[in-house]
Amino acid sequence: MKRFTVFFLTLILTNLIIYSAQINVRADEVKGEESRYILKNNVLIQKEDLSISTDFATITLVDDEWRDVNTDKVYITGDTFEATSTSMSFDLQTEKGTLSGNVLAKIFLEESEIEIDSNELLIDNNNKRYEGSSENQVFIKKEDYIINAKSFVFVENENLLTLSENVHIINSVKKIDMTSTYATFNTQTNDIEAQAVNLILEVAEEEE
């Protein structure tokens, strides 16, 4: 009986929150209120290539549309990224959201990927734009490059990673150690442009 009730409520909820694209929602427990649904245990929210997994979430009406999702610990994936965090606020219509607390993310490029560790990550899935910051330093890894900065913006369609404040770029293979106040990093070519730079290049000494 309980399983049937959960399935019935899930079916109702799925039919309720359809606008320009269909939103599919599954959960073990569903509680419906006038302007909010509370979802518990094995929650899965899907919109086309976007998928949100958590054990607790709410979906709230905004301008008569079911679109505002708030979660506890979450795993979210899109067609070119995946991320986990302690909590998340996400707009299903605009596909913009903020992940907060212990954010771990991967952005998948054509031939490589970017790994990100930050306190906060803003995602604009439609425009493939990611913006993050940390109280200390954001950690970013791409192949042999280890990058730290206070904040960053990555525009996927432009292959451009913009780094701000206390920028530190290390490549142990190429023996590069750079600090700067501001830098841009082309994720396709690995070209770097920076301001107020302190650059250390290691050269092996010739043996006598």
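Visitor: Let's zoom in on aspartate 63: is it buried or exposed, and what is its relative accessibility?

Guide: Happy to, and keep in mind that this is a predicted model. Aspartate 63 counts as exposed because its relative accessibility is 67%, and the cut-off for that label is over 50%. As for where it sits, look at the loop that links strand 4 (50-62) to strand 5 (65-71). Its backbone deserves a glance too: aspartate 63 has a positive phi of about 55°, although it is not a glycine. Why point that out? Because most residues other than glycine have a negative phi.

Now for another residue with that backbone feature. Asparagine 42 isn't a glycine either, and its phi is positive, at about 50°. This one lies in a strand, namely strand 3, which covers residues 36-47. Asparagine 42 is exposed, with a relative accessible area of 53%.

Let's move on to charge. Asp28, Glu29, Asp55 and Asp72 form a negative surface patch. Take Glu29 from that group: you'll find it in strand 2, which spans residues 29-32. Glutamate 29 has a relative accessible area of 35%, so it goes down as partly exposed.

What does it touch? Setting aside neighbours within four places in sequence, threonine 80 is in contact with Lys106, Ile107, Phe108, Lys128, Tyr130 and Glu156. There's also a distance you can check on screen: threonine 80 and glutamate 113 are 33 residues apart in sequence, and their C-alpha atoms are 9.5 Å apart in space.

Stepping back to the whole protein, you're looking at one helix and 16 strands. There are 208 residues, and buried ones make up 41% of them. Among contacts with a separation of 6 or more, 32% are between residues 24 or more positions apart.

Technical notes. Residues numbered from 1 in each chain as written. Predicted model: local features only at pLDDT ≥ 70, side-chain atom pairs only at ≥ 80, totals over all residues. Heavy atoms only, no water. Patch = residues over 30% accessible without salt bridge, like charges linked within 9 Å, V, L, I, M, F, W, Y side chains within 5 Å. Areas by Shrake-Rupley, 256 points an atom, 1.4 Å probe, with all protein chains shown as cover. Salt bridge = Lys/Arg side-chain N within 4 Å of Asp/Glu carboxyl O. Lys, Arg positive; Asp, Glu negative; His and termini not counted. Charge placed at Lys NZ, Arg CZ, Asp CG, Glu CD. Helix = DSSP H or I, 4+ residues; strand = E, 2+ residues; numbered from the N terminus. Buried < 20%, exposed > 50% of the residue type's maximum accessible area, 1.4 Å probe, protein only. Contact = heavy atoms within 4.5 Å.
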